Amino acid sequence: MMKRNPTTVALGLQGAAAGVYVGRSGGPDGGTSVRIRGVATINNSTDPLYVVDGIRVGGNIDYLNPNDVTNIEILKDASATAIYGSEGANGVIMITTLKGERGRTRVNFSANWGAQTNSKKLDVMNAEEFALAARQAVKNDNAPLNSVWANYDKELNSIDWQDEMSRTALQQVYNLSVRGGSDATQSVLSVGYMNNEGIIINSNFRRLNVRANIDHTIKKILRIGLNTTYMYNEMYAGGGTRGNSFTGLFNDNGLIYYALLPPTMDDVDANGNLVHVPCRYY
């Protein structure tokens, strides 16, 4: 799983387990939806139950650093409900995390870099085709033709907004872990940092994970332990371009782009030239 360098644990399961469907949002945060053996709604939820080191943590596992995972087991059908009752009706994903070990202290560090690109663009109309369709729609409605289409019919400007709004996005992932211990006490400390740029310009996701685990045995009859996890993340912009409709045309003062709505005075300079494109992201 870790060879794929997944953004989240759930994303690492994509295509790796039979009967498990993993869909993703496409945003830089790697938001996912996991379905085991189809969709069930007995608990008003379609998410599986996550169990981390024997502790039930609910239906979201995004707080966990994929690099801290050592084993994943998926329970389906009756095997899930037999142990966890109705909570396991949508399946159970059992996760075992990294723990300390006896012996000398070991330090592991890894760094991964990657690039993401838009592999396939949507096939959309150019400005001339859009204007033709708009005229036909007006004609079908027996409505008067807007003067914009009449005055600037020969000055339409085709803009590939998919190119303008997207980029080659870089991904950086760094992980550091320190493990060791004696016969009585074993501990591990891990730190992970990810900076994942989105393909949509100005979208970005950053996450910091810190995890500590300590196990101590008292006279071979009692064992106590501490397992704590901290996560901090930042999400900028993100999402896609659903609902946006773009056309471009010239006016007497220069080029003006229309993005959902005509630009305001703040979008152009004194000569009528475009300062920035008023795009709206969803």
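This is a predicted model: local features need pLDDT of at least 70, side-chain atom pairs count only at pLDDT 80 or more; totals for chains, interfaces and linings use all residues.

Reader: Start with helix 3. How far apart are its end C-alpha atoms?
Author: They are 20 Å apart. Helix 3 covers residues 127-140, which is 14 residues. At 1.5 Å a residue it should span 20 Å, so the two values agree.

Reader: Which residues of helix 3 are buried?
Author: Ala127, Ala131 and Ala134. Seen down the helix axis, the buried residues fall within an arc of 60°, so they line one face of helix 3.

Reader: And what does the face turned away from the buried side carry?
Author: Exposed residues: Glu128, Leu132, Lys139 and Asn140.

Reader: What caps the N-terminal end of helix 3?
Author: Asparagine 126 does. One of its side-chain oxygens sits 2.7 Å from the backbone nitrogen of glutamate 129.

Reader: What about just after the helix, at asparagine 142?
Author: Asparagine 142 has a positive phi there, about 55°.

Reader: New topic. Where is asparagine 209?
Author: In strand 10, which runs over residues 204-218.

Reader: Is asparagine 209 buried or exposed?
Author: Buried. Its relative accessible area is 3%, and the cut-off for buried is under 20%.

Reader: Which backbone oxygen lies 2.8 Å from a polar atom of its side chain?
Author: That of tyrosine 63.

Reader: What else does asparagine 209 touch?
Author: Leaving out residues up to four places away in sequence, asparagine 209 touches Tyr63, Leu64, Asn65, Ser190, Val191, Gly192, Tyr230 and Met231.

Technical notes: Residues are numbered from 1 along each chain as its sequence is written. Side-chain values use heavy atoms; hydrogens and water are left out. Helices (H or I, at least four residues) and strands (E, at least two) are DSSP runs, numbered from the N terminus. The expected span of a helix is 1.5 Å times one less than its number of residues. Buried means under 20% relative accessible area, exposed over 50%, partly exposed in between (1.4 Å probe, protein chains only). The arc is that of the directions from the helix axis to the C-beta atoms. A polar contact is a pair of N or O atoms within 3.5 Å; within protein, one must be able to donate a hydrogen and the other to accept it, and residues adjacent in sequence count only if both atoms are side-chain atoms. Contact means heavy atoms within 4.5 Å.
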